[in-house]
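Here's a quick briefing to read with the picture open. Take it one topic at a time and find each piece as you go.

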Amino acid sequence: MKFSGFKVVKEALTGYKGYGPLWRNPDPKPAYDIIIVGGGGHGLAAAYYLAKEFGMTNIAVLEKGWLGSGNIGRNTTIIRSNYLLPGNQPFYEYSMKLWENLEQDTNFNSMVSQRSILNLIHSDGQRDAYRRRGNSMMISGAGGQLLSRAEVKEMVPFLNFDNARFPIKGGLMQKRAGTARHDGVAWGYARGADMRGVDLIQNCEVTGFKIENGKVLGVETSRGFIGAKKVGVSVAGSSGRVMDMAGMRLPIESHVLQAFVSEGLKPVIPGVITFGAGHFYVSQSDKGGLVFGGDIDGYNSYAQRGNLPVVEDVLEGGMALMPMIGRARLLRSWGGIMDMSMDGSPIIDKTHIDGLYFNGGWCYGGFKATPAAGMTFAHLLATDKPHDTAKAYRFDRFNRGYVIDEKGVGAQPNLH
Amino acid sequence: MLIPHPLLGLRDSQEFTYLGDASLMNRPDPSAPDAEAAFCDYVFLRNNPAGVHRELWFHEQGDRSWLIVTRNTVTHEILGAELATDVKLGGAQ
């Protein structure tokens, strides 16, 4: 089944009888070439690119719940490539290029909307820092513009420009950034992988690894043993729990991040806006709700819910930035579990166990990375070599002293 | 969350700053032959359990004592708190 404008018209005239399920629901086979643990955005993207770009189809994705039930379904949907460090920025720019062609590639409407991101500047020092970041973005081809206060004011006049403590002095804008329909991303990849023969196995929890003589032979699951030549783990949020079954300790702590959505409003916020003096980022969904978030709660957590002090902190940030937000009612808030790594950057690497590969440590930036994380993890699984843009994301960067600490706060995961 | 401070009673967790796993009190011996590898593990690797976790909280806006709080990371239930100075985990202080 191929989606097209013609298909939409045809189905409208024939009672929508031609739409079937987007993917099969197969039982697991006894063994596969590659098993990917985790049917979230990254796992499904990896399976999709393994099938499409590397021609491997004897693959299973094992998911303990339903497809896309983790962080791909609970993030704030922002996509951007405005990083600073050379280990990060080319990777995120590669991801942005994949986003730009995602819908044509997967033949699925993921509602990628390049509506821009605006990082606000509140001090002269911050302007210098953003100018440096903008230069780093331009080197990678991501583009970026430094805006004056007047230019920002013309674009988003509703912000509080004369806040006594944090007046707005300008902004760094990336026009190619924006948002995407988070569930649609997972569904597009799932459908594309399934069409190419990948088995997507839901309600199948991995309960252990079978490892003999330093080599992985398969996984024990709630639906029995499944053999595999290679196993790729892509379970952000649960990385600690899953890799513990392989006897590995990780440079990762699990933390809870909350997100919020307001009642539906008329279009008011043109793109993504971030507050530079606190931690607050907001965009408006196509349904009209303001989607926003802030800091993680700051203590180890595997509970998919947070506590009220952070709710207050995030909303205070919102009020300081755009007082009009106080007129909107909060509709929902929820929490997701983040792999907070020791330097704030991810890991896509082999482990010391032969045939066991790991993708995780995405902190709270995993959504925008979905296409590139899938592609580079697929590259690693298929060729045993890291993709050019993901060479820095190695396990051993910590003991070799090559950490990628975008924020410069050191090995303190709750501060990244 | 309310933390049962051994000296001050129930205190709001907002008064505290969180550091992490209580094993951070066990600093490795810097003169040991394997000190480099031991420090690398100490600084970067964590057990990160889902369930009971012993962790360091600093009473920054209170009596500025370090507490070891025992807390369930799945439910956020706090099971107890001790003064870090009362706890000998071994190694240097």
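Chain A splits into domain 1 (24-78 + 182-251 + 343-415), domain 2 (117-175) and domain 3 (253-341), with bounds that come from an automatic or database domain assignment. Keep in mind that this is a predicted model: local features need pLDDT of at least 70, side-chain atom pairs count only at pLDDT 80 or more, and totals for chains, interfaces and linings use all residues. As for labels, residues are numbered from 1 along each chain as its sequence is written, while chains are lettered from A and ligands numbered from 1 in the order in which they are written.

**Where domains 2 and 3 of chain A meet**

- 14 residues of domain 2 of chain A are in contact with 13 residues of domain 3 of chain A; "in contact" says that the C-beta atoms of two residues, placed from the backbone, lie within 7 Å.
- On the domain 2 side, strand β4 (residues 117-121) of chain A gives the largest share, five residues. Helices (H or I, at least four residues) and strands (E, at least two) are DSSP runs, numbered from the N terminus.

**The eight-stranded sheet in chain A**

- An open sheet of eight strands runs in the order β5-β6-β4-β13-β14-β15-β12-β16 (chain A), and its pairing is mixed. Two strands pair if DSSP finds at least two bridges between them.
- The edges are β5 (145-148) and β16 (330-341) of chain A, each pairing on one side only.
- From one strand to the next, the twist averages 25°. Axes are lines fitted to C-alpha atoms, for helices over the stretch in contact, and angles run from 0 to 180 degrees between N-to-C directions.
- Zoom in on β4(A) and strand β6 (residues 170-174) of chain A: they pair antiparallel over five bridges. Look for Ile117(A), which stands opposite Gln174(A) in β6(A).
- Helix α5 (residues 124-139) of chain A packs on the sheet and touches β4, β5 and β6 of chain A, with its direction at about 15° to that of β6(A).
- Helix α9 (residues 308-321) of chain A packs on the sheet too, touching β12 (252-264), β13 (272-275), β14 (280-284), β15 (289-300) and β16 of chain A; its direction makes about 135° with that of β15(A).

- How do helix α3 (residues 89-100) of chain A and helix α10 (residues 370-383) of chain A cross, and at roughly what angle? Their axes come within 7 Å and cross at roughly 105°.
- So α3(A) is roughly perpendicular to α10(A), a label for angles of 65 to 115 degrees (under 35 is roughly parallel, over 145 roughly antiparallel, and the rest oblique).
- From α3(A), the contact uses Phe91(A), Tyr94(A), Ser95(A), Leu98(A) and Trp99(A), and from α10(A) it uses Pro371(A), Ala372(A) and Met375(A). By class, that is seven nonpolar, one polar and no charged residues.
- Elsewhere, strand β17 (residues 347-350) of chain A and strand β18 (residues 356-360) of chain A run antiparallel, joined by four bridges. Their hairpin has five residues between the strands, and Gly355(A) in it takes a positive phi near 90°.

- Chain B has one helix and six strands, following the pattern β-β-β-α-β-β-β along the sequence.
- Its C-alpha atoms fill a box of roughly 45 × 30 × 20 Å along the principal axes.
- Of the 93 residues of chain B, 18% count as buried; buried takes 20 or more other C-beta atoms within 10 Å of a residue's own, exposed takes 12 or fewer, and partly exposed is in between, with C-beta atoms placed from the backbone.
- The contact between the chains takes 18 residues from chain B and 21 residues from chain A.
- On the chain B side, β3 (17-21), α1 (35-44) and β4 (52-58) of chain B each give two or more residues, and α1(B) has the largest share, three residues.
- That side of chain B has eight nonpolar, eight polar and two charged residues.

Methods:
Nonpolar A, V, L, I, M, F, W, Y, C, P; charged D, E, K, R; others polar.
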